[in-house]
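Good morning, everyone. Please have the sequence and the model open, and follow along as I go through some contacts.

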Amino acid sequence: MANTETTQNLPLLALRGLTVFPRMLIHIDVGRDKSVHALDEALSSGQPIFLAAQRDLREDDPGPDGLYEVGTISRVCQILRLPGHNMRVLVEGVARARMSGLVREDPAPIAQVTPLHIPTRRTARQRVEAALRLSLELFERYAELVPRLASDALLGAAEADEPGFLADYITQNMSVRHEDKQAILETLPPLERLSQVTTLLMREIELLEIEQDIQGKLHQQLGKNQKEYYLREQLKTIQSELGDREDTVADLEDYREKIFMLRLGDDTEGKLLQELGRLSRMSPASPEAAVVRTWLDTVLGMPWTRTTNDRLDIEAAQRLLDKEHYGLTKVKERILEFLAVKSLAPNLKSQVLCLVGPPGVGKTSVAQSLARAMGRKTARLSLGGVRDEADVRGHRKTYIGAMPGRIMTAMRQAGARNPVLVLDEVDKMGHDFRGDPAAALLEVFDPEQNHAFHDHYLELPFDLSEVVFITTANTTEPIPPALLDRMELIELTSYTDEEKLRIAKDHLLPKQLALHGLKKTQLRLGDDALRELIAGYTRESGVRRLERELAALCRKTARQIVAGERERLSLKAGGLEALLGPRKYKPERARAKAEVGVASGLAWTRVGGELLEVEADAVEGTGKIDLTGNLGEVMKESARAALTYIRGRCHTLGIDPAFYKNRDIHIHFPEGAVPKDGPSAGITVAVAMVSALTGAPVRRDVAMTGEITLRGRVLPIGGLKEKTMAAFRAGAHTVIIPRENEKDLADIDPSVRDALQFITVEHMDAVLAAALDMPLRPAKPGKRKGPAKPAAPLPVENGGWHPEDQPPGAGVPS
């Protein structure tokens with residue numbers, strides 16, 4: 001058979017590890033862009049396609065030199081498009097051809113090919129028949145040794161009566177190297193080609209018989225070493241055929257070298273070498289090998305021995321903390337104490353600090369400042385919403401998608417064995433049927449256990465004793481007691497208005513000016529403007545909202561400057577509304593006059609302290625008591641306790657002993673949409689009820705906080721710093737607090753402490769004496785704190801009386 005030698009320009013498709021022979025049907029998978037374009041070109045032009053095998057299987061985009069010159073002109077019979085821009089194509093070989101060069105490379109390569117002439121020689125028919133019969137017998141023997149060979153392959157070979165076709169057919173169905181198939185393709189004389197196939201069949205049969213012999217012998221041997229040797233030999237043969245044996249050996253040696261360089265303990269090193277041995281016996285393409293490789297990469301990437309040198313300069317740390325944070329005295333003192341102890345005792349075990357405070361007060365930034373002050377690396381992880389123990393301890397590596405826990409992941413990100421780990425939102429963890437992540441943190445935070453922390457994925461002990469753990473939380477109530485016991489609590493209270501003023505001037509405003517490309521001279525805010533911004537446009541415990549409002553001012557200033565409306569902007573009090581709109585919050589003010597049944601209490605919220613008005617009214621009725629204002633159970637119980645106290649003191653207070661039968665009392669807390677709860681409003685409710693029942697007005701300039709008992713004792717409360725700041729903002733002059741809170745006055749801002757007068761009380765009688773314009777028979781005196789200030793005469797309403805008529809020792813300033 002001969003083909004014309006006319007040169008043709010045909011689309012070129014490069015084959016990887018595959019050879020197509022004339023008159024053979026074969027499926028090929030196509031995914032490379034050039035190959036897809038070549039198929040599209042062949043289909044659109046109605047031409048055949050030239051298939052050429054590439055020399056290097058690893059090359060993704062081979063050039064003309066990377067392809068064999070001899071290939072096959074083929075006809076595209078069927079195309080099946082697969083997801084992901086891939087195709088499965090059925091092609092039929094037509095003729096051998098030689099490629100002389102490329103006419104075009106992109107987007108679809110076009111090759112200049114010349115069909116090859118198949119020489120015909122006169123050969124005795126007996127010789128041809130003998131060659132056909134020998135090849136067919138060898139192919140039958142080969143098929144017996146290769147069970148995976150298709151059953152119809154022998155039928156197709158038996159029907160062949162041409163040496164060339166039989167040679168191509170047998171080669172196409174054999175599992176041999178692509179180089180051997182290419183050599184058959186390049187051999188043109190049919191008998192010579194069949195002779196090469198016969199030689200190839202003999203070699204493969206011999207190899208397969210050796211393999212079967214090895215298998216037969218190994219089945220008789222039960223020794224572990226012989227089994228491992230056989231598996232290794234099989235693996236070597238397979239890897240040699242695939243051409244990746246050298247890469248696999250190099251990777252294994254690289255792993256082994258890294259393991260020895262770490263100089264880990266005998267147990268840890270033995271575990272790693274054991275897993276490496278398992279990997280060496282696996283096929284690189286097996287899923288289990290990928291799992292072991294990922295595990296080894298993760299373990300060897302952990303900072304087993306890498307540490308950073310601590311910088312323990314106390315003065316430098318003090319300067320850094322003062323530069324980056326205003327206030328926070330207790331936190332700074334604790335950090336400096338830690339650095340001082342660390343310089344004297346370098347082997348100090350890991351510390352666990354828990355920064356508790358409302359949002360936006362700088363908990364996370366303080367932790368990062370500690371890392372910078374010590375010169376340590378830092379990593380942050382958020383525990384908010386974590387409900388699965390595996391998030392902390394990791395997943396078993398046998399599971400699909402297994403990964404280390406968040407602690408080990410953070411350690412790997414930090415790249416050192418002694419970082420500062422910041423665990424945010426430790427109070428917002430949950431738990432369900434998958435376990436309790438808080439319980440998993442017990443081992444992490446325990447200095448007696450965390451020197452050998454076990455992550456489920458790593459399955460190796462890791463030393464966490466040199467880590468400084470800093471957790472943050474908004475409140476300690478959701479934290480389990482056992483976990484709370486592992487941590488040292490440092491409370492960050494809400495910022496006062498004066499602290500916010502300093503923070504805005506020294507930190508927030510310069511930061512926002514730099515972010516918005518403004519100079520200091522282009523936007524100036526006076527202290528009065530900043531105070532108006534803090535009081536009228538923000539209501540928060542931290543400074544996040546304040547920073548956003550400053551950013552809004554910077555944006556509006558930048559717009560005006562770019563538009564040419566002005567060159568600079570200087571704002572004073574009263575000038576903010578033109579840029580930010582009307583004030584969002586009205587200032588809290590004390591009542592303008594003394595009123596009956598209205599008392600001023602102090603409440604703590606997440607955004608600071610607030611002045612809370614409590615209204616009470618007593619009307620004719622049947623003894624009912626109504627509590628309104630979206631109150632919690634604790635506050636309702638405080639109101640009932642106050643009522644019981646009043647019933648027990650009716651004679652002293654001058655109240656009808658039968659009031660609980662013939663009077664209805666309604667207690668209301670304004671702003672009913674806001675939930676309210678807590679025991680500290682107890683004395684306020686009692687004062688409001690006594691005022692409503694007696695008609696005595698409540699002093700307008702007095703605010704109070706404290707829990708009441710049935711016997712009238714006043715118990716201590718929390719959040720005194722925020723509450724006193726609220727009283728100061730509202731214009732109150734006197735604050736009544738429990739005697740046991742006297743020690744907390746030292747933590748109050750000096751400007752607030754100097755402006756207010758504090759009356760510390762132990763019993764409700766002293767509260768009534770200080771808050772009501774009425775005489776009491778026996779009264780337990782309160783203890784004054786702060787400068788003595790004469791009380792201004794209050795309006796006399798509803799039969800009230802003047803402060804000068806107050807009996808001695810009642811606790812009211814004289």
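Let's start with one pair. E41 forms a salt bridge with R104, and the closest N and O atoms are 3.8 Å apart. E41 sits in helix α1, residues 33-45, and R104 sits in strand β5, residues 86-104, so this bridge ties together parts that are 63 residues apart in sequence. How exposed are the two partners? E41 is partly exposed, at 26% relative accessible area. R104 is partly exposed as well, at 33%.

A word of caution before I go on. This is a predicted model. Please keep that in mind for every value I quote.

How many salt bridges does the count come to? The count comes to 43. I'll take two further pairs.

The next pair is D322 and K332. Their side chains meet in a salt bridge, at 3.0 Å from N to O. D322 belongs to helix α11, residues 314-324, and K332 to helix α12, residues 329-344. The two residues are ten apart in the chain. Are they buried or exposed? D322 is partly exposed, with a relative accessible area of 40%. K332 counts as buried, at 10%. The cut-off for buried is under 20%, so K332 falls on the buried side.

Now K511 and E547. Here the salt bridge is 3.1 Å, N to O. This pair links helix α18, residues 497-515, with helix α20, residues 544-562. K511 and E547 are 36 residues apart. K511 is partly exposed, at 44%. E547 counts as buried, at 18%.

Stay with helix α20 for a moment. K556 is also placed in α20. K556 is partly exposed, with a relative accessible area of 35%. What does K556 touch, leaving out residues up to four places away in sequence? The answer is L579 and L580. K556 and L579 are 23 residues apart along the chain, and their C-alpha atoms are separated by 7.2 Å.

Helix α20 comes up again with helix α19, residues 527-537. Which residues of α19 are buried? They are A529, L530, E532, L533, I534, G536 and Y537. Look at E532 in that list; a glutamate is among the buried residues. And what covers them? The cover includes α18, β14 (523-525), α20, β15 (569-571) and α21 (577-580).

On to helix packing. Take helix α9, residues 266-280, and helix α10, residues 287-300. They pack at an angle of about 150°, with their axes 10 Å apart. That makes α9 roughly antiparallel to α10. The crossing is left-handed. From α9, the contact uses K271, L272, E275, L276, R278 and L279. From α10, it uses E288, A289, V292, R293, W295, L296, V299 and L300. What kinds of residues are these? Nine are nonpolar, none is polar and five are charged.

K271, E275, R278, E288 and E459 are linked in a network of salt bridges. K271, E275 and R278 are on the α9 side of the contact, and E288 is on the α10 side.

Helix α25, residues 682-694, packs with helix α28, residues 764-771. The angle is about 60°, and the axes are 10 Å apart. α25 and α28 are therefore oblique to each other. This crossing is right-handed. I683, A686, V687 and V690 in α25 meet M764, V767, L768 and A771 in α28. The contact of α25 with α28 has eight nonpolar residues, no polar and no charged ones.

Last, some backbone details. Where is there a cis peptide bond? One joins D106 and P107, with omega about -10°. P107 lies in the loop between β5 and β6 (110-115).

Then two positive phi values, each in a residue other than glycine. R23 has phi near 65°. R23 is in the loop between β1 (8-15) and β2 (25-30), and R23 is partly exposed, at 39%. E425 has phi near 55°. E425 is in the loop between β9 (420-424) and α16 (437-445). E425 is partly exposed, at 26%.

That's my tour. Thank you.

How values were computed. Residues numbered from 1 in each chain as written. Predicted model: local features only at pLDDT ≥ 70, side-chain atom pairs only at ≥ 80, totals over all residues. Heavy atoms only, no water. Salt bridge = Lys/Arg side-chain N within 4 Å of Asp/Glu carboxyl O. Helix = DSSP H or I, 4+ residues; strand = E, 2+ residues; numbered from the N terminus. Buried < 20%, exposed > 50% of the residue type's maximum accessible area, 1.4 Å probe, protein only. Contact = heavy atoms within 4.5 Å. Axes fitted to C-alpha atoms, helices over the stretch in contact; angles between N-to-C directions. Parallel < 35°, antiparallel > 145°, perpendicular 65-115°, else oblique. Left-handed = near helix turned anticlockwise from the far one by under 90°. Nonpolar A, V, L, I, M, F, W, Y, C, P; charged D, E, K, R; others polar.
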